[in-house]
Amino acid sequence: MSNLQVNKRNESIPNSAKKARRAGKVPGILYGKAINTLMFEVGELELGREISAQGEHGILNFNIEGEEHKALVKDVQRDPVSHKIIHLDLEELQGNQKIISSVPIHYVGEEILTKRGIVIQKEKDSVRVECSADSLPKYINIDIKSSQVGSVYRYGDLEVASEISIIDDLSTVIASISFERKTVSDDMEAAVEPEK
């Protein structure tokens, strides 16, 4: 994990966020107990690389005016058309404090089910966890490749390391295998009556 170079943004300049974006920077806000709310800007390309590596709910190391900081990504706003990052919210971390964050769920084996004509109905794509900053996973896998029609998965089925606690209700359904997709040929056969 490399250190991002972050610069303070001058709040007194009108439309400073728009000006930052035009200059290839992403405006953002950093907040935390030890730091007053701080407006900043960071290079779009550098930020994009770090978000790709750490995830949209990961932890970033950055340097601001010569001081090193660590922060949890709280919110990434993207342009609905270009999907470029247009704003970033960070929460400063102190030491190895416990944090609460959403972690994406990766459904492993989904393509195998699709080939079998089975459809997975995803109710949730992330899970809220509490853990130390250093233990925060980029994502949590759940293996669904041996699913059958009627299988149901809940938060309680997610396997996480012992130092990670799932905060969401463990009985909440996250996915279900509800029906098999008909193929076009099945529909055609049903529609064509044999001649008498």
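The model is a predicted one, and its secondary structure amounts to four helices and 13 strands. Of the 196 residues in the chain, 37% are buried, and the accessible surface comes to about 11,900 Å², with carbon and sulfur atoms accounting for 48% of that area. When contacts between residues at least 6 apart in sequence are considered, 62% of them join residues at least 24 apart.

**The closed barrel**

- Six strands form a closed barrel in the order β1-β3-β2-β6-β5-β4, and the pairing within this barrel is mixed; from one strand to the next the twist averages 45 degrees.
- Helix α2, covering residues 44-54, packs on this sheet and touches β1 (3-8), β2, β3, β4 (59-64), β5 (67-78) and β6 (85-92), while its direction makes about 90 degrees with that of β3.
- Strand β2 (residues 25-31) and strand β3 (residues 38-43) run antiparallel and are joined by six bridges; within this pairing, Gly-28 has Phe-40 of β3 as its bridge partner, and Leu-30 stands opposite Leu-38 in β3.
- β3 also pairs with β1, again in the antiparallel sense, over three bridges, and here Asn-7 stands opposite Glu-41 in β3.
- Strand β3 is mostly covered, since five of its six residues are buried.

**The open sheet**

- A further set of four strands makes an open sheet in the order β10-β7-β9-β12, likewise with mixed pairing, and its edge strands are β10 and β12 (165-166), each of which pairs on one side only.
- Inside this sheet, β7 and β9 pair in the antiparallel sense over seven bridges, and the bridge partner of Ser-102 in β9 is Arg-128.

**Nonpolar cores**

- The largest nonpolar core holds 26 residues, of which Val-127, Val-129 and Leu-158 touch the most other members.
- At least two residues of this core are supplied by each of β7 (98-108), β8 (118-122), β9 (126-132), β10 (140-143) and β13 (173-180), and the largest share, four residues, comes from β7.
- With neighbours within four places in sequence left aside, Val-127 is in contact with Ser-101, Ser-102, Val-103, Ile-105, Ile-140, Tyr-155, Leu-158, Ile-166 and Asp-168.
- Another core, of 19 residues, lies apart from the largest one and includes Val-6, Val-26, Val-73 and Val-76.
- In soluble globular proteins, nonpolar side chains tend to be buried together.

**His-87 in strand β6**

- His-87 lies in strand β6 and counts as buried because its relative accessible area, 17%, falls under the 20% limit.
- The side chain of His-87 makes a polar contact with the side chain of Asp-89, at 3.2 Å.
- Beyond its neighbours within four places in sequence, His-87 is in contact with Arg-21, Val-26, Pro-27, Gly-28, Ile-29, Asp-75, Val-76 and Gln-77; Val-26 and Val-76 in this list are also among the residues of the 19-residue core.

**Loop residues and backbone angles**

- Gly-95 is placed in the loop between β6 and β7, and it counts as exposed because its relative accessibility of 57% is over the 50% limit.
- Gly-95 and Asp-134 stand 39 residues apart in sequence, and their C-alpha atoms are 9.7 Å apart in space.
- Glu-65, in the loop between β4 and β5, has a phi near 50 degrees, a positive value in a residue other than glycine; Glu-65 is also exposed, with a relative accessible area of 60%.
- His-83, in the loop between β5 and β6, has a positive phi as well, at about 65 degrees, although it is not a glycine.

How values were computed
Residues are numbered from 1 along each chain as its sequence is written. This is a predicted model: local features need pLDDT of at least 70, side-chain atom pairs count only at pLDDT 80 or more; totals for chains, interfaces and linings use all residues. Side-chain values use heavy atoms; hydrogens and water are left out. Buried means under 20% relative accessible area, exposed over 50%, partly exposed in between (1.4 Å probe, protein chains only). Contact means heavy atoms within 4.5 Å. Accessible areas come from the Shrake-Rupley method with a 1.4 Å probe; for residues, only the protein chains shown count as cover. A nonpolar core is a set of buried Ala, Val, Leu, Ile, Met, Phe, Trp, Tyr and Cys residues joined through side-chain atoms within 4.5 Å. Two strands pair if DSSP finds at least two bridges between them. Axes are lines fitted to C-alpha atoms, for helices over the stretch in contact, and angles run from 0 to 180 degrees between N-to-C directions. A polar contact is a pair of N or O atoms within 3.5 Å; within protein, one must be able to donate a hydrogen and the other to accept it, and residues adjacent in sequence count only if both atoms are side-chain atoms.
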